[in-house]
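Below is a colleague's note for someone meeting this structure for the first time. Please read the points alongside the sequence and the model.

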There are 2 protein chains.
Amino acid sequence: MEISGRQLIAGRETSATSDSFKADNPATGDALEPAFYEATVEEINEAVEAALEAFEIYRSKRVETRADFLDAIADEILVLGDEFLERTSAETGYPLARCSAERDRAINHTRQFANLIREGSWLDARIDLPDPTRKPFPKPDVRSLMQPLGPVAVFGASNFPIAISVLGADTMSAFASGCPVVIKGHPAHPGTCELAARAIYAAAERTGVPAGVFSLLQGRGHEVGTALVQHPDITAAAFTGSLAGGRALFDVANQRPVPIPFYAEMGSVNPLFILPGALKSRAPQIAEGFVAALTQGNGQFCTNPGIVLGNESEDWQRFSALVKEKVEAVAPATMLHAGIHKAYRSGIESRCENEDLQVLGHSSENPDDAKLEAAAYLFETTQQGIVNDPTLLDELFGPCSTLVSCGGSEDMIALAKSLEGSLSVTIHGTEKDLADHRDLISILQTKTGRLIFNGYPVGLEVCHSIHHGGPYPATTHSHYTSVGTRAIERFVRPVCYQDWPDTLLPIELQNANPRGVLRMLNGHRTRDAV
Amino acid sequence: MEISGRQLIAGRETSATSDSFKADNPATGDALEPAFYEATVEEINEAVEAALEAFEIYRSKRVETRADFLDAIADEILVLGDEFLERTSAETGYPLARCSAERDRAINHTRQFANLIREGSWLDARIDLPDPTRKPFPKPDVRSLMQPLGPVAVFGASNFPIAISVLGADTMSAFASGCPVVIKGHPAHPGTCELAARAIYAAAERTGVPAGVFSLLQGRGHEVGTALVQHPDITAAAFTGSLAGGRALFDVANQRPVPIPFYAEMGSVNPLFILPGALKSRAPQIAEGFVAALTQGNGQFCTNPGIVLGNESEDWQRFSALVKEKVEAVAPATMLHAGIHKAYRSGIESRCENEDLQVLGHSSENPDDAKLEAAAYLFETTQQGIVNDPTLLDELFGPCSTLVSCGGSEDMIALAKSLEGSLSVTIHGTEKDLADHRDLISILQTKTGRLIFNGYPVGLEVCHSIHHGGPYPATTHSHYTSVGTRAIERFVRPVCYQDWPDTLLPIELQNANPRGVLRMLNGHRTRDAV
């Protein structure tokens with residue numbers, strides 16, 4: 001399939017300027033053909049107008065059509081074939097197996113959202129029946145359920161070019177809810193974005209969905225994204241990326257005359273606590289699991305364990321020696337793009353110069369800058385080091401982590417209290433450890449969206465109960481997740497119908513409950529008809 | 001019961017400054033004893049610190065304790081007796097019957113939240129069971145449910161001194177979720193706030209809940225509220241009041257280093273559409289119902305119908321004549337406080353001078369400024385008048401509304417498209433009208449949180465399915481309601497437990513499901529144990 005490098009607006013190819021950029025192959029430094037054109041303000045407006053027009057049609061479609069559309073997207077992703085995976089690999093430096101795993105994940109979550117909307121309980125349909133005889137006032141008939149917001153802006157992540165980009169859960173949950181999507185393509189993988197977009201259009205055509213439900217705008221800087229978030233007809237935005245980028249767009253969204261929700265997932269430091277019993281009994285296993293989690297995907301995960309905490313002891317020293325040995329055996333690998341590579345290199349340099357940190361170990365081979373390679377790094381410090389320089393708790397995106405030795409449980413609690421919000425917190429412990437550290441665990445629950453026991457935070461399970469979110473700065477709104485079926489909640493709002501004629505109600509609120517969805521009827525959950 | 005005029009911080013009375021103010025009786029202009037002291041920065045900090053400390057204890061309490069606490073508050077509200085209603089009446093000018101109705105509503109919603117948390121399905125507990133044999137990676141055990149955020153700041157409304165103030169659904173939904181509350185008392189009814197606070201403390205004492213779950217801070221200006229929203233340990237805020245006040249605090253909340261959700265309900269213009277069939281068949285009934293809704297509570301409702309739209313016709317002229325006659329028969333009544341009275345007077349004056357508006361009619365008697373009386377006003381204009389001056393669609397808080405005559409269905413649709421977000425939209429029509437105006441109704445669904453058929457927006461039914469919210473500027477986040485049991489969703493976030501030991505899980509996620517709550521188990525809703 002040819003890549004045109006142009007905007008895809010409601011299925012139409014356009015390019016209104018000669019200003020263009022190319023993606024680089026990070027492993028070779030070679031520019032990849034073709035050039036991609038910067039979206040203009042007129043093209044941004046055109047995409048949003050098409051989305052608004054499509055919204056009127058799309059939100060009125062039967063839920064089965066929306067579900068079929070999603071299933072068709074899942075089919076069409078496979079139709080893209082090896083060419084798609086090869087382009088992704090060339091744009092990211094990821095091996096084909098990783099690209100294929102991401103494709104599986106995208107297909108999986110797309111079908112999950114199709115099934116979710118067919119089942120229908122996510123709508124939270126509620127009915128309170130009337131009572132005309134009630135005193136002093138008759139009780140009206142009141143019903144409500146979730147309805148879609150309108151056109152949604154999506155910003156994909158560089159580190160998941162398939163599973164958190166054009167084909168990510170942001171796009172699919174918006175489609176599932178009934179919202180059109182205008183996505184700002186990621187400049188590090190624009191070709192992957194374009195091919196993915198073509199799968200969406202093929203699915204739309206097959207299922208009779210208007211092409212305006214989707215547009216792809218390309219751009220290398222911040223201008224296109226900022227203009228998109230400022231467009232008056234955009235009703236919400238979802239973002240995965242850096243804290244700096246997420247916060248800047250969050251501020252733009254809130255400063256609009258009509259503010260809109262801006263759901264940003266901005267990564268985090270993902271602390272991993274090793275309690276004394278686990279440190280004594282399983283140090284080799286934890287060392288192996290931790291270094292594997294740290295260096296998987298070259299450390300380029302939002303859930304990368306950036307700090308590890310344990311009590312200073314012989315066991316801790318043994319653990320430190322083990323992880324040092326393991327990290328030194330790791331081969332350097334190519335990072336996603338020059339920007340990430342540069343930030344990682346400079347972050348490592350400043351950590352090496354920080355007197356509150358010592359280098360514990362790093363990959364033994366010399367990384368090749370021309371291939372954007374990164375060495376894995378482990379630092380060590382004490383709790384006092386963190387007190388001296390709290391920026392040591394900031395995330396550094398890449399295969400780098402810091403071991404923090406604490407003076408005991410009280411110190412660990414004090415450190416836990418000082419933590420910022422994280423996507424995940426991991427605890428390694430025995431049953432006795434947990435019983436001995438209830439206060440610590442209680443505090444950690446207030447700091448994160450996901451608690452992991454005797455495991456590792458990377459390799460997120462995509463399911464109904466997953467929560468990939470957490471207190472700021474992990475996200476901009478801790479109620480919402482960007483992964484898992486709860487992600488659909490970001491793009492809907494309740495609409496209430498009072499004394500509304502049955503035939504005009506949304507089907508899930510009608511007396512007969514023709515779709516048999518679970519509803520709250522006078523306060524009780526039931527699938528019964530009224 | 002004596003009113004001290006001091007801050008109530010975790011049950012302790014404090015006053016750290018001599019700076020004080022008194023409430024006025026709006027019907028007489030008399031200052032009411034005693035003086036209320038301005039909260040200082042130290043007192044604000046003290047209240048939030050007490051809330052944070054209480055949070056650790058309160059969120060660990062069994063849900064039954066939280067429910068009993070709420071039921072005890074409902075009991076203690078009644079114990080306050082007539083003295084409470086008399087104080088409220090003196091501070092607001094409301095007749096005792098209105099005060100008593102508000103008390104009933106507060107008792108009702110407080111018990112609703114108690115029952116909601118006993119039932120438990122609101123927690124949205126979810127379990128995805130593990131599969132250690134899955135390839136290529138074993139599937140972990142993943143579970144999640146809603147957990148409380150932390151200390152919540154609440155700002156009550158002047159127009160509901162009992163039902164949307166200290167004893168409002170903001171406070172009760174926060175308590176139900178497991179969050180402590182620090183409330184900024186409303187300066188127009190500080191005595192009502194203090195008496196209400198004492199009911200909360202009595203209930204806390206009876207049920208073994210730490211007094212730190214609640215504090216009341218008094219203040220006449222913006223300083224106390226702004227400092228409260230800026231406090232780093234406040235995790236969310238709920239507000240009911242004006243657009244200017246709500247937006248200012250929303251901006252403060254978003255500009256914090258760690259932004260917090262600021263849920264503001266800021267009122268709206270609540271359009272009322274009369275379709276041709278209804279105009280022909282029920283003009284006298286609609287005229288009577290509309291003027292009653294407009295002037296109930298002296299028009300001081302967020303859901304007051306501020307514009308009425310119909311097609312220019314003989315029927316419309318007949319309807320206009322009927323409402324003119326009815327509004328001229330309304331007696332002027334006292335407004336809530338001098339600020340609201342002044343804003344209403346000045347709003348009416350500027351509307352009278354606006355060349356795009358004509359006065360259709362107003363209360364026949366002269367209002368008495370000394371009693372802060374307001375005359376009810378009806379204006380009329382055409383759709384072109386709205387095009388000329390879109391500010392005619394801005395809310396004017398008080399018994400004032402504008403009749404807008406349209407040139408036909410197309411004009412009505414164009415006007416509907418130009419509407420800002422509203423808490424409610426009302427449609428009067430026959431079944432045929434609805435069938436003939438599907439496009440209009442479709443657009444109106446995107447403009448509001450609640451659609452009412454052949455009724456009136458005031459007199460909100462407080463129940464599970466109600467939604468008192470809507471697109472900006474009705475609220476700052478259209479997903480959330482400030483009335484009804486869904487209000488609890490504002491103060492919680494999902495927390496996910498991966499491979500967590502059963503005995504340490506929140507009780508609602510444990511295998512045995514001892515509370516029998518409805519859960520999502522591998523994607524299916526069930527009360528079954530695992």
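1. Chain B is superposed on chain A by a rotation of 180° with 0.0 Å of shift along its axis, at an RMSD of 0.0 Å, where copies are superposed by least squares on the C-alpha atoms of residues with pLDDT of at least 70 in both. That is the relation of a two-fold axis. In chain B, the C-alpha nearest the axis belongs to Asn254(B), 3.6 Å from it.

2. On the source: this is a predicted model, in which local features need pLDDT of at least 70 and side-chain atom pairs count only at pLDDT 80 or more, whereas totals for chains, interfaces and linings use all residues. Residues are numbered from 1 along each chain as its sequence is written, and chains are lettered from A and ligands numbered from 1 in the order in which they are written.

3. The contact takes 55 residues from chain B and 55 residues from chain A, two residues being in contact if their C-beta atoms, placed from the backbone, lie within 7 Å. Strand 21 (492-498) of chain B is among the elements that each supply at least two residues of the side of chain B that touches chain A, and with six residues strand 21 of chain B gives the largest share of that side. Here helices (H or I, at least four residues) and strands (E, at least two) are DSSP runs, numbered from the N terminus. Because 100% of the interface residues of chain B are also interface residues in chain A, the copies meet through the same surface.

4. The open sheet has 12 strands with mixed pairing, in the order 15(A)-17(A)-18(A)-13(A)-12(A)-19(A)-20(A)-21(B)-6(B)-5(B)-22(B)-23(B). Its edge strands, each pairing on one side only, are strand 15 (358-362) of chain A and strand 23 (524-526) of chain B.

5. At the chain B end of that order, strand 22 (residues 519-521) of chain B and strand 23 of chain B run antiparallel and are joined by three bridges. In this pair, Leu521(B) stands opposite His524(B).

Methods
Two strands pair if DSSP finds at least two bridges between them.
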